[in-house]
Amino acid sequence: MADIIVSIADLKLGNRADDTLITFALGSCIGISIYDPQAKVGGLLHYMLPDSTLDAQKAQGQPAMFADTGIPLLFKSCYRLGAEKKRLIVKVAGGASILDDAQFFRIGQKNITAMRKIFWKNNVMIEAEDTGLNHNRTMRLELATGKVTIKSSIGIIKEI
Amino acid sequence: MLEKIIQSVDSIPAFPLVVHKIMLLITREDYVVTDLVKLIEYDQSITANILKMSNSAYFGSRHKIKTIHDAVVYLGQQNLIHIVQTAGASRFYRKVSGGYVSHAHDLWKHSVAVAIMSQVLAQKVLQRVDPTLYAAALLHDIGKVFLGEYVRDSLPKIEELVEQNGYSFLEGEKEILGIDHAELGGMIALHWNFPEETREGIAYHHQPRSLGSKESLIPWLVYLSDQLCMMVGVDGGVDGLAYRGLEESLTRFNLRGKDLEKSIITFHDLLLEAEDVLNIV
């Protein structure tokens, strides 16, 4: 049984039942896990920023850095491993903000909005989420079961 | 409890004197390389740490650095100042026990991250690196090292204030412990005889406005660097992002949201290059 670590601005996939995909330290960043229970294929993305037009060159080299380049890549990569869109279970976490998040500091909120827009356009439903607030999160996806757990920086662990 | 916390500052070991001496020598334009090498090598732990970090991509030397002499010759003055400060500070982060973080490495990583971010922002708004800012950013959370055990014991109370009563974590510390980690950090900086600007950068890193009419930019830049690191998830621990956002920190420097996002990208690349720096603790 192995933990496969997903770094910031990175995505990982898997179809080995004994592996777990895990990403640490989701602050304002967003973690998206997708899982096909029939094909037993899953993927986990940890993106940092909402919009790749900020730095097109960076987006080309590291598409997982941005919502609009990372999310499509996550889905397409899982299709290649045999997942099918209609069976995919999508769960999301992160997008935290600092307090009194004035309009200038709203990267967390922008990250959430960017994701919702992309899902809405592509008819993707979010099955469960743990977003917003002001704590960090660690997100795990067990590939055997599709179980997703979130651990908050204050130590609470919950399944979503 | 407050009295006990404040008294504990007196028993904190001195900041390595050799760092002060190196800073004095290095900023004299006519220093002799062998004098500086001798001075650095006098402190074995700083020497060892410098050698561990010198070939880090973050410092960008094109020459392989094997000795302190190489480091002095090839790193360049600014990098040398930063690396000496980093080597000197690291010893205080090895024994961080509970409270904010479960591993000492996490608080060190956050500290180095904020120091790196501070230079990204300094390049942007001051068009230069700034060693005083670097030192303040690196040590901004030094108060957490020593407040950790008290925070651990009072964590449920502080968290209740944050979750239920709309307190920031800092305000929660102050309410329950009578002192917050920034204030304590300021006292430690005083105990270490740090320059005024460095001390202010540490003491006011969550409340730069409280510095009043004084025009130091350092507390504002440390504040901003800290907030950005929290947002990227390189955080200081259980406190997460529970700190106040101050719009003034952006308007003051004419920064927009997009500028912050670009700084985050630059920072992310640099942090990956700084792995050797992160690994000394």
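These legends describe close-up views of a predicted model.

**View 1. The interface between chain A and chain B.**
Here 31 residues of chain A are in contact with 36 residues of chain B. Together the two chains bury about 2800 Å². Carbon and sulfur atoms account for 64% of that area. The rule also finds 8 residue pairs in polar contact across this interface, both residues being at pLDDT 80 or more. On the side of chain A that touches chain B, the classes are 18 nonpolar, 9 polar and 4 charged residues.

**View 2. A salt bridge across the interface.**
Chain A and chain B have 2 salt bridges between them. One of them pairs Lys58(A) with Asp269(B). The closest N and O atoms of Lys58(A) and Asp269(B) are 2.7 Å apart.

**View 3. Leu11(A) and its surroundings.**
Leu11(A) sits in strand 2 of chain A, which covers residues 10-14. Its relative accessible area is 15%, so Leu11(A) counts as buried, the limit being under 20%. Neighbours within four places in sequence are left aside in the contacts that follow. Leu11(A) touches Val6(A), Leu44(A), Leu45(A) and Ala64(A), and also Gly70(A), Leu73(A) and Leu74(A). Leu74(A) is 63 residues from Leu11(A) in sequence. In space, their C-alpha atoms are 7.0 Å apart.

Strand 8 of chain A (residues 137-142) runs antiparallel to strand 9 of chain A. The two are joined by 5 bridges. Leu141(A) has Val148(A) in strand 9 as its bridge partner. The hairpin has 5 residues between its strands. Gly146(A), in the turn, has a positive phi of about 80°.

**View 5**
Strand 9 of chain A spans residues 148-152. Of its 5 residues, 4 are buried, so the strand is largely enclosed by the rest of the structure. Strand 9 also pairs with strand 10 of chain A (residues 157-159) through 3 bridges, and these strands run antiparallel. Lys151(A) has Ile157(A) in strand 10 as its bridge partner. This hairpin has 4 residues between its strands. Gly155(A) in the turn has a positive phi of about 100°.

**View 4. Salt bridges within chain A.**
The whole structure holds 23 salt bridges over all chains. Side chains of opposite charge can pair when their charged atoms come close. Lys12(A) forms a salt bridge with Asp10(A), with 3.5 Å between the closest N and O atoms. Lys12(A) is partly exposed, at a relative accessible area of 29%. Elsewhere, a network of salt bridges links Asp36(A), Glu84(A), Lys86(A) and Arg87(A).

**View 5. Glu248(B) and Arg209(B).**
These two residues form a salt bridge, the closest N and O atoms being 2.8 Å apart. Glu248(B) lies in helix 14 of chain B (residues 248-251). Arg209(B) lies in the loop between helix 12 (196-203) and helix 13 (218-232) of chain B. The pair therefore ties together parts that are 39 residues apart in sequence. Glu248(B) is partly exposed, at 26% relative accessibility.

**View 6. Asp259(B) and Arg256(B).**
Which of the two is buried, and which is exposed? Asp259(B) counts as buried, at 13% relative accessibility. Arg256(B) is exposed, with a relative accessible area of 53%. Their side chains meet in a salt bridge, 3.8 Å from N to O.

Key:
Residues are numbered from 1 along each chain as its sequence is written. Chains are lettered from A and ligands numbered from 1 in the order in which they are written. This is a predicted model: local features need pLDDT of at least 70, side-chain atom pairs count only at pLDDT 80 or more; totals for chains, interfaces and linings use all residues. Side-chain values use heavy atoms; hydrogens and water are left out. Contact means heavy atoms within 4.5 Å. Buried area is the accessible area (1.4 Å probe) that two parts lose on being put together, summed over both. A salt bridge is a side-chain nitrogen of Lys or Arg within 4 Å of a carboxyl oxygen of Asp or Glu. A polar contact is a pair of N or O atoms within 3.5 Å; within protein, one must be able to donate a hydrogen and the other to accept it, and residues adjacent in sequence count only if both atoms are side-chain atoms. Ala, Val, Leu, Ile, Met, Phe, Trp, Tyr, Cys and Pro count as nonpolar, Asp, Glu, Lys and Arg as charged, and the others, Gly among them, as polar. Buried means under 20% relative accessible area, exposed over 50%, partly exposed in between (1.4 Å probe, protein chains only). Two strands pair if DSSP finds at least two bridges between them.
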